[in-house]
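Subject: Structure handover and notes

Hello,

Please find the structure below, with my notes after it. Have it open while you read, so that each residue can be looked up.

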Amino acid sequence: MTRAARLLDLVELLRRHRRAVAGETLAAELGISLRTLYRDIAVLQGQGVPVEGAAGLGYVLRPGLTLPPLMFDEDEIDALVLGLRLVTRRLPETLGPGAAGALAKIEAVLPANRSAEAVQLFAGGAAAEEFACLGTIREAIRAEDALAIRYTDKAGAASHRVVWPIIVGFFDQAEVLAAWCEMRGDFRHFRLDRIADAVSAGRRMGRRHRVLLADWRLMRDAERCAADMG
C-alpha cells in the first residue's frame, strides 16, 4: 500500500469515530506499527487535516475536513449503488430524484475501472405508492413538530390523533409511520395508506426526536426478545 492510500485509510478510519481513539487501536486496524502511525498523523496535521490528540491520549478528527470520502472498496460501491437504486425504484416521485443525484455524484468520483453500470445488482419490485402525507411527515420529523392526523384503523374506525413522528418504515406490504400517540400515551404504528390527512399540530413534540427514537428502539428490542423467549 502506498503512503497516500494509507493516509486516506487513516482519515476514513478517524471519520468513523466521534471520540478520541488510541493510537494502538488505529495502528492495529491499519496493520501498521505505532511508530508509522505517529508519522502519518504528523503528516496529516502538517497538511492541515484537523486531527487532534497526542500519544497516550488518542486522536480525533475535528469538524472542518472538506475532502469527500473518495476511497470506496468494491463491497461499499455495490452497497451504495444497490441502496440508491432501491430508493429510485420504490419512491420515484419523492426521494427518487435525490437518489439519482447522489448516485451521479458517487459515480463522478469512482475510479476509471469502476462504474455504477458495472454493479450487477438489480433493484426489483413495484414502486411504492407516493403518499401525500410522506413529505409532511418528513418535515415534521426534521423540525421535531407534532402532527395532527386523521386515521382509519383496520376495523374501519376513524379517529383524530396528535402524534410525535419518529420514523417511516418501508415494507413489502405497507409503509408504516412509527410515532408516539398522545391519545394512547404509547408508541403506535400507522399505515400511511390509512392516514387520510396529516398537518402540523402547531407545536413541538413533547420529547426530543433522538430520545423518542432511542426509546422506540428499546421497545422494539424488548418485543423481539419476548417473542424469541415465547
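First, the ground rules. This is a predicted model, in which local features need pLDDT of at least 70 and side-chain atom pairs count only at pLDDT 80 or more, while totals for chains, interfaces and linings use all residues. Residues are numbered from 1 along each chain as its sequence is written, and side-chain values use heavy atoms, with hydrogens and water left out.

The whole chain

The chain has seven helices and seven strands. Here helices (H or I, at least four residues) and strands (E, at least two) are DSSP runs, numbered from the N terminus. Their order along the sequence is α-α-α-β-β-α-α-α-β-β-β-β-β-α.

The accessible surface comes to about 14100 Å², and carbon and sulfur atoms hold 54% of that area. Such areas come from the Shrake-Rupley method with a 1.4 Å probe, and for residues only the protein chains shown count as cover. Of the 230 residues in the chain, 34% are buried. Buried means under 20% relative accessible area, exposed means over 50%, and partly exposed lies in between (1.4 Å probe, protein chains only).

A contact means heavy atoms within 4.5 Å. Among the contacts in the chain with a separation of 6 or more, 56% are between residues 24 or more positions apart.

Single residues

Is Asp40 buried or exposed? Asp40 sits in helix H3 (residues 34–46) and counts as buried, because its relative accessibility is 1%. Leaving out residues up to four places away in sequence, Asp40 touches Arg3, Arg6, Leu7, Leu10 and Ile32.

Thr136 belongs to helix H6 (residues 133–143). With 26% relative accessibility, Thr136 is partly exposed. Its contacts, again without residues up to four places away in sequence, are Leu147, Ala198 and Val199. Thr136 and Ala198 are 62 residues apart in sequence, yet their C-alpha atoms are 6.8 Å apart in space.

Met219 is part of helix H7. Beyond its neighbours within four places in sequence, Met219 is in contact with Phe187 and His189. Met219 and Phe187 are 32 residues apart along the chain, with 8.6 Å between their C-alpha atoms.

Glu144 lies in the loop between H6 and strand S3 (145–152). Its relative accessible area is 11%, so Glu144 is buried. What is the phi of Glu144? The angle is near 60 degrees, a positive value in a residue other than glycine. Most residues other than glycine have a negative phi.

Salt bridges

A salt bridge is a side-chain nitrogen of Lys or Arg within 4 Å of a carboxyl oxygen of Asp or Glu. How many salt bridges does this rule give? The count is 11.

One of them joins the side chains of Arg204 and Asp145, at 3.7 Å from N to O. Arg204 is in strand S7 (residues 195–204) and Asp145 in strand S3, so this pair ties together parts that are 59 residues apart in sequence. Arg204 is partly exposed, at 49% relative accessibility. Both residues also belong to a network of salt bridges that links Glu144, Asp145, Arg204 and Arg208.

Another salt bridge is between Arg188 and Asp186, whose closest N and O atoms are 3.7 Å apart. Arg188 is partly exposed at 33% relative accessibility, and Asp186 is partly exposed at 34%.

Glu223 and Arg220 form a salt bridge too, with the closest N and O atoms 3.9 Å apart. Both lie in helix H7 (residues 209–229), three residues apart, which is about one turn of the helix. Glu223 has a relative accessible area of 43% and is partly exposed; Arg220 is partly exposed at 27%.

A charged patch

Asp73, Glu74, Asp75 and Glu76 form a negative surface patch. Patches are made of residues with over 30% relative accessible area and no salt bridge; like charges are joined within 9 Å, and nonpolar side chains (Val, Leu, Ile, Met, Phe, Trp, Tyr) within 5 Å. Lys and Arg count as positive and Asp and Glu as negative, while His and the chain ends are not counted. A charge is placed at NZ of Lys, CZ of Arg, CG of Asp or CD of Glu. Glu76 is in helix H4 (residues 74–90) and is partly exposed, with a relative accessible area of 35%.

Regards
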